[in-house]
Every structure is written in structure tokens, then in C-alpha cells.
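Hi,

Here is the structure I promised to pass on. My notes on it follow below.

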There are 2 protein chains.
Amino acid sequence: MIRGNDPILLTPGPLTTSLETKQAMLRDWGSWDAGFNAITASICRDLVAIAHGGEQYVCVPMQGSGTFAVEAAIGNLVPREGRVLVPNNGAYCARIVRICRYLNRAVADLPIAEDRPATAAAVDAALAADPSISHVALVHCETGAGLRNDLEGIAQVCRARGKGLIVDAMSSFAALPIDVGVTPLDALIAASGKCLEGVPGMGFVIVRRDVLEASAGNSHSLAMDLHDQYAYMQRTTQWRFTPPTHVVAALRAAIDQFVAEGGQPARGARYAENCATLIEGMRVLGFRPHLEPGVQAPIIVTFHAPSDPGYEFKAFYGRVRARGYILYPGKLTQVETFRVGCIGAIDSNEMRNVVAAIDATLKDMGIGSAAPALRAA
Amino acid sequence: MIRGNDPILLTPGPLTTSLETKQAMLRDWGSWDAGFNAITASICRDLVAIAHGGEQYVCVPMQGSGTFAVEAAIGNLVPREGRVLVPNNGAYCARIVRICRYLNRAVADLPIAEDRPATAAAVDAALAADPSISHVALVHCETGAGLRNDLEGIAQVCRARGKGLIVDAMSSFAALPIDVGVTPLDALIAASGKCLEGVPGMGFVIVRRDVLEASAGNSHSLAMDLHDQYAYMQRTTQWRFTPPTHVVAALRAAIDQFVAEGGQPARGARYAENCATLIEGMRVLGFRPHLEPGVQAPIIVTFHAPSDPGYEFKAFYGRVRARGYILYPGKLTQVETFRVGCIGAIDSNEMRNVVAAIDATLKDMGIGSAAPALRAA
């Protein structure tokens, strides 16, 4: 069969991964075998090192999507009588609120506009107003709009007030700097298929060892019992339940490439260049990014839909896809948007190419200008 | 790099899969993309058809290992005030008991010897003795020892007494016949990396549509909310949270090969031949299978350890592995055993070869006879 190249994924994940990463899945590993368990152990060590966790932190892998790992962290690390403050400026923050409700953890939902970051001042005020709050659950990069919240400032507030901090770093880990030595936190959560550029299928929680050890017996779930997963792995070197062996092998290969690229600084720089190239090219076509530059994370960019009556997302998506690029729908509640990811095994040439594909698509659709409606006053 | 063949996995999963199945992972799929969602839908249709589920049953896929899907089924389908009878003759039955305890579902643990099957008579008596039981949770093939429980008889008892039946068919689905038209049940659970010969990373629940629809609001977990997963997928064609896209693509390829082989009858026949060839060859070496032939499922065989003082499992395992075969440790509490799987993309030649490798290993280790200690009276 003759077939063109696979389309490039410009989404918040799954991403386009390297062929080398995918080829690591061409082998079947036994989950009881020492060779496989050495891979798991090496991944955990490397992930702790990426967060500068030293001896104080451990990494617990968890089967499933990143959301499973987030739920595992909340269910284990927040005691049943705890109360969680969620600075809420997007869909992934709202998901944490939903998880807390399923788990019967009291939640204080702190609404923030979708285009504004969560700040240390706002969190400090909320903590001052409600001393019963035990933990803050923060989404570092909220990819609903694509913004970056002030993790560093909020971590200092949490430390000063003696509150636990659980960070959903799904879309930032390995791309943006996180040093738990200077940004104190209880746990951060990410997944295989994001900025590490592995394939999806497992998440992980990097957690302070003492916090994890104190969490025994909290979990609402056997499968997501983080403490039990950790204790069993310490004792046996194995996962408790069948691991996604091919996904784990691909993550090992992906981390090797991450290290060879130059680690987080290099990966973050590549994504930043991707993001700048994309925004610059799209501006020339008349598109307007939703966020101010100061809060835009270099992960995914939300653009306003053109106001031209010929524009319709499904048709636009389909035509850009036919030109080799898979975009992502918007996730904002108030305005019509779409999103373009900057992450994965792609460089700024790919960003120039997608801008060219979008340009050609607009012409195909007879859309003269990509400019959105005037901004509401 | 020159390297020998990868070892063959003779375990209850992960298995040795075909190259074609693994090669299906050499492509990155977008989780929002119509092409990928069509794959998910086709897998669900095919899985319902394998169980002869018709219009009355639906299939809900679930990220994670099979245990996640088992927990999801219990947490959703057993109401919070329900009571679950678990005929318990092995490690996977004990895991369901543990899940019930995590989920605060009352559980009636019915102990059965590890080498005896759960029978309709035993379940009927237990249901008669405790009318507060609402559901039976049955492990079809208990791979702790490798036996097959009487699903068909127990299903009739459950129907006659009006009890729900949830079947962990992890190690039997697609290999042993299950026809929900004649074996009525509420739900059966299996996973990608077992007898369908996909790679591990997702489970699924094949469930009566009316039972699932009545389960809204029961779940203890957002990530494992089966009803929400189903409702969202019906509405959008998409998974709620990032699917393990490569695992899903591999499962599609694996099911295509399953159908081409001749479906469940052909797969079951191949495994039965594998199992018979293995047991026959091992008997010649002096090994004794733990189970009577009538209860042995053609999935994995437990053999007693040789009584020769030169035998030690780790050394035996390592030497057999060096000869290309990965065995599995025993999981029985009372006697020393090891297990050899009969499933995966392997045929009876592989079984003859592993017997030859075990024979050579015994000679290497200076073990004259593989005979176990005399059976206790």
C-alpha cells in the first residue's frame, strides 16, 4: 500500500513522537522479568532527577491516562477530612474539582478568568479567608487556554501557610523548569505522552517520600492506591498489576532522547521557538492569540476563530488535516477558538509548514481574512 | 547491534504478540481524530460480537490494566448498598474481595480449595444461606492455579435466584466460548493484552445496556466511572481522557488477526493443543501438573517444583530464560510450584521447544528427576 506521511499532531497529547520511540515498542517484555523491572526503576530515577527531587522525593508510576494519576494523588495525599483549594481557570482545574467531589474531599473552588493566571496573591487571600483548607491543587499549565499559572509564587505561599501543594504538571513537566528544591511541593503529576514525548498509557506522581509514607490507608481505590503501588514496587521491583510494557519501553527511549537533546532547558527552548514561530506566522495571516504574551505557555496556543462567515471549525479542521496537520478544537466556554500545539517531536520548520497549510486552507475556503470579531470592550 | 531473538513469554500476560500487532504501534494517532475514534468504535463492536452480545450489551473500554476495569465494574454495577459473593479459589478472586473492601461494598468471601473449581451447587448454597447477597463476582479462569470455574452453571443459578453476575473473564475471553445469550450475565471484563493477543494497557467491560444505564452515579471514582465513560463516548465518539492510542491501534490489528484465524473456536483450539503438548512433554520429564485434567484451563499450567535439592526457582528461571523462554513463578500459598503459559502468538512447536529447554536446564543444574515430592495423603 502506498500512503503519504502520517499527519503531524499539533495537540496537547497524544503527540507526534520520534520513530525511535515508537520502535522501542517492537519488543514484548515480561512484567516479572528483571530486564523490564530495571527499565521501570531507571525511569523513576530519571523522572525524580528532572524535578531535582534528590533523596527526598520518589516517583510512583500509575497505569492509565494522566487523569488517573491526578486522581490517585488527590485520593492518597489529601486525607479524607482534608479540604482542597483549586485555583480554577480552565477545564483541567475543573476536572480536579470534579475528582474531589467524587472522592468526597471538601473543595474550595476559586474561580479565575480563563485568560488570567492564578497568582500567589489570590491563593494567599483564599487561604487567609478559609483556614480549614489543607491543600492547594494547582494546574501548572492550563491547556484549556494554554496559560501558565504562577507555580513558584504559589508554592512559597503554601509553604508560608503550612499547606500541602499538589501540582498537575501534565503539560509542563520536562518542558518548563520545576525545581522542587526551590519550589517546595508535596507532589507533582505528569504522564508519558506529554512533553517527555513518549506514547500515552501511563502517568506518574513525583511525591515527597514522607508525605507518601504518611498516606497509607487513605486511598478510595485499590487500582489507584499510590502508597500500595509504591510499597509493592519497593519490595518486589515490580508493578502490582500488569504494566503497559510497550508504553514503558517507549518512555525509556523517549527519556534517552530527552537527555541527549539537553534535558529540560533544551526541550523548553525548542518548544518556545516553536511557539514564537507559530504565533508570528499566524499573526501575519490575521489570527489573534487569545492570551497576552506574558501568560502564554509554550505548549499550546489558543487562536480566535475568524469572524468570516465562511469559517466553520469542522471543515477547517478537515482541510488542514488533509494537508498533513491535526489541530485541536478550542475549550473555552465564552468565545469560539481553536488550538494549535507546539509540543512533540517537531521543530519550528513544522510550525512554518502548518502556518502555510492554514494559509492555503483559508484560501480554499474563500476566507479573505483570518481576523476575529473585534474584541468586546 | 546484533542480538538474538527476544525471549518468548510463557506467562499469563503480557504475552508474545505478533510482529504485525506491534507494528500497528508505529503510527501516532490523534485522540480527537475521526480515524482513531472509528477504530475505538469498531473494537467495541467486535468485542460485543465475540461475546454474542447483540443489541442488549455494550462494550466500555477503560484505560489501565485489567484490574482497573474489574474495579470499574464493581464500583459502578454494584450499588453502594449491594453485597457481593466471591467464590474464592485463588489470587484473582482474592483481589476482587480486596477491591470490594476498598469500595465499601459488603462482601461474602466463599473459600474454595485452590485446586477445586467453583461450582453451581456451592454458589447456590451460599446464595440460599444469605439472601442479602445482590451480586456474584466470578473469576472465569483463575490463573493463580490455572483452573476454570463453572461459569455456565453459576450463571443459571444467578438467573434463577435473581442475582447480578459480574465475570472476570480476563484470561478466558476470546479463548473459551462465552455466549451471553445462553450464559446470562450482567458484565464480563477482560483486557487487551490477554487472549486477544494485543499489548497491555487497556481493559474493557462488556455489560448489559440496561444494567449500565441504571448505574449512573454509583462510581467511587471519576477516572473509573464506567457509565460516564460510556455516556461521553456515545455523545462524542471519543474517550473522556487520553486513550492509550498505540495500544488501541495494536488491539485493532490483534482482533483482525483473531478473526482471520477463525475467531474463538480456532484460538481456543490452538491454546488447547499448546496446553496438551506442554503437559505431555513435561510429564515425560517427570513434572506433575498441579490440577486434575478436568479443571485445567488451556491458559496456564501450574507444575510442582522438583523435589531434587538442586532445584531453586530463580536459577531455573534464569537458565530457561537464557534458552529463550520466560516462565512465571507459582502463586499458590501451600506448595512450591511454577507456571508455564500456553497463550500468545505461539503454537505447539514453541511448547515442544520450551520442554526441550527445560530438559536441558535440568541437566545443566544436575537435576536427575523433575519429580516432585510425593503427594501428601
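Let me start with one contact between the chains: the side chains of A:Lys22 and B:Asp28 form a salt bridge (2.6 Å, N to O), the term standing for a side-chain nitrogen of Lys or Arg within 4 Å of a carboxyl oxygen of Asp or Glu. Between chain A and chain B the count is eight salt bridges.

Before the rest, some ground rules. This is a predicted model, in which local features need pLDDT of at least 70 and side-chain atom pairs count only at pLDDT 80 or more, while totals for chains, interfaces and linings use all residues. Residues are numbered from 1 along each chain as its sequence is written, chains are lettered from A and ligands numbered from 1 in the order in which they are written, and side-chain values use heavy atoms, with hydrogens and water left out.

Back to the interface: chain A gives 59 residues to the contact and chain B gives 59 residues (contact: heavy atoms within 4.5 Å). The two chains bury about 5,000 Å² between them, with 62% of it on carbon and sulfur atoms (accessible area, 1.4 Å probe, lost on being put together and summed over both).

How is chain A superposed on chain B? A rotation of 180° with 0.0 Å of shift along its axis does it, at RMSD 0.0 Å (least squares on C-alpha atoms of residues with pLDDT of at least 70 in both). That is the relation of a two-fold axis. The residue of chain A that comes closest to the rotation axis is A:Gly64, at 2.0 Å (C-alpha).

Best wishes
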